[in-house]
Amino acid sequence: MNKVLKVNWIYSLFIISFFSSCSESSSQAQPVPSISLEEQIKTKFYSEVSPVSSANCFAGAYYRKAVSSKDFWLGIGGTVVLPTLTYDLTRENPNKLGTYLDNASIYLGGTSDDQETDIGMTWEVIREADGSVSKERKAFRPFMRRTSHKGGQVAVYQNAPATSNYYWYPGETISMSIQVIEPKKIKFVVEGAGKKYEEIFEADGYRNEVMANYKRVNAIDQVSNEGKPVQTTKAKVTGAKWLEVYLFRSANSQIVKAPMHSKRFTDMQCPGKSYFDILSSGESGENIDIFGSR
């Protein structure tokens, strides 16, 4: 092969290789379809970690828990019709006559930086008109609980003041929300039936830059039974209706509400599905009845 033909041959190979490489790169660099913010709010954010398919129950109560996906959530809220507790009259509390070993609660909460919170409503004693404390539980009152945090913050439990403007009753519709308003501070709001309660609750694990999950819970709690197998009871909690549930998130420099629909939470029915009647309604609503025995 003479010198000129050899140069032309090498040049031809270079041209073929160059265009082949460009063609391959072009085919690999297809644009990724973008999803609008509105669609992400409805379905799933880019950073959102899908909820696990199942989770282990913690023994001690009958409860329906919905645990959200994990993302840079800033809280959870919803509108709910408060349920009615029917006692098992054979399970009176021997240490506090007039009360029973089963109780009702309906609440929100979350886990952020390994710190857990439970914040919502529990069926409680009240202060009577004469100033005395009722022997039996008579109304739903707001409560707040947090576990300790690795930074040194201690665990705490507290109730709203025992005053009539902070009592709510079965069948009343309330809006309830918890939201991180600044690092380490959660704003808790309950409003409905002409009453409102607000509280800034300190929780060191809750910060904007930490990925977290949130939850809503309907429960039959059992006195002094945490961590133990549930005690058989004829108690039931019926008539709870979540009309909507949403998760707070920052997006495009504003706070948005993303519906907590069934693809955004892990369904937990503890200790087993046979104790619950659950009916989905709308985009994020549910009717929930709990039975201690069937």
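Visitor: Leaving aside its neighbours within four places in sequence, which residues is Ser-148 in contact with?

Guide: In this predicted model, and with those sequence neighbours left out, Ser-148 is in contact with Gln-115, Gln-153, Val-154 and Ala-155. Gln-115 is 33 residues away from Ser-148 in sequence, and the two C-alpha atoms are 6.6 Å apart in space.

Visitor: Switching to Ile-200, what is its place in the structure?

Guide: Ile-200 belongs to strand β10, which is made up of residues 195-202, and with a relative accessible area of 41% this isoleucine is partly exposed. Once its neighbours within four places in sequence are set aside, Ile-200 is in contact with Ile-181, Lys-185, Ile-186 and Lys-187. For Ile-200 and Ile-181, the separation is 19 residues in sequence and 9.0 Å in space, C-alpha to C-alpha.

Visitor: Stepping back, how many helices and strands are there in the protein?

Guide: The protein has 2 helices and 16 strands, and 45% of its 294 residues count as buried. Among the contacts between residues at least 6 apart in sequence, 66% join residues that are at least 24 apart.

Visitor: How many disulfides does a search of the whole structure find?

Guide: Such a search finds 1 disulfide, which joins Cys-57 to Cys-270 with an S to S distance of 2.0 Å.

Visitor: Which parts does that pair tie together?

Guide: Cys-57 lies in the loop between α2 (37-42) and β1, while Cys-270 lies in strand β14, so the pair ties together parts that are 213 residues apart in sequence.

Visitor: And why is the disulfide of Cys-57 and Cys-270 called left-handed?

Guide: The disulfide is left-handed because the torsion about the S-S bond of Cys-57 and Cys-270 is about -80°. As for accessibility, Cys-57 counts as partly exposed at 41%, whereas Cys-270 is buried, with a relative accessible area of 1%.

Visitor: What about the largest nonpolar core, which residues have the most contacts inside it?

Guide: Those are Trp-168, Met-176 and Tyr-214, in a core of 51 residues. Strand β12, residues 236-251, gives the largest share of this core, with 8 residues. Apart from it lies another core, of 9 residues, including Ala-61, Tyr-107, Val-217 and Met-268.

Visitor: Now the largest pocket: what is its volume, and which residues lie nearest its centre?

Guide: The largest pocket has a volume of about 990 Å³. Its lining consists of 38 residues, and Tyr-107, Asp-118, Arg-145, Asp-221 and Glu-226 are the ones nearest its centre. Tyr-107 was also named above, as one of the residues of the 9-residue core.

Visitor: Which strand supplies the largest share of the lining of the largest pocket?

Guide: That strand is β11, from which 6 residues of the lining come. Strands β1 (62-68), β4 (102-112), β5 (115-124), β6 (139-146), β11 (212-222) and β14 (265-270) each supply at least two residues of the lining.

Visitor: How many residues of the lining of the largest pocket are nonpolar, polar and charged?

Guide: The residues of the lining divide into 16 nonpolar, 13 polar and 9 charged.

Technical notes:
Residues are numbered from 1 along each chain as its sequence is written. This is a predicted model: local features need pLDDT of at least 70, side-chain atom pairs count only at pLDDT 80 or more; totals for chains, interfaces and linings use all residues. Side-chain values use heavy atoms; hydrogens and water are left out. On a 1 Å grid over the protein atoms alone, a cavity is a set of points where a 1.4 Å probe fits but cannot get out, and a pocket is an open set with protein on both sides within 12 Å along at least five of seven lines; lining residues have an atom within 4 Å of a point. Grid points are joined across faces, edges and corners, and a volume is the space filled by probe spheres set on the points. Helices (H or I, at least four residues) and strands (E, at least two) are DSSP runs, numbered from the N terminus. Ala, Val, Leu, Ile, Met, Phe, Trp, Tyr, Cys and Pro count as nonpolar, Asp, Glu, Lys and Arg as charged, and the others, Gly among them, as polar. A disulfide is a pair of cysteine sulfur atoms within 2.5 Å. Buried means under 20% relative accessible area, exposed over 50%, partly exposed in between (1.4 Å probe, protein chains only). A nonpolar core is a set of buried Ala, Val, Leu, Ile, Met, Phe, Trp, Tyr and Cys residues joined through side-chain atoms within 4.5 Å. Contact means heavy atoms within 4.5 Å.
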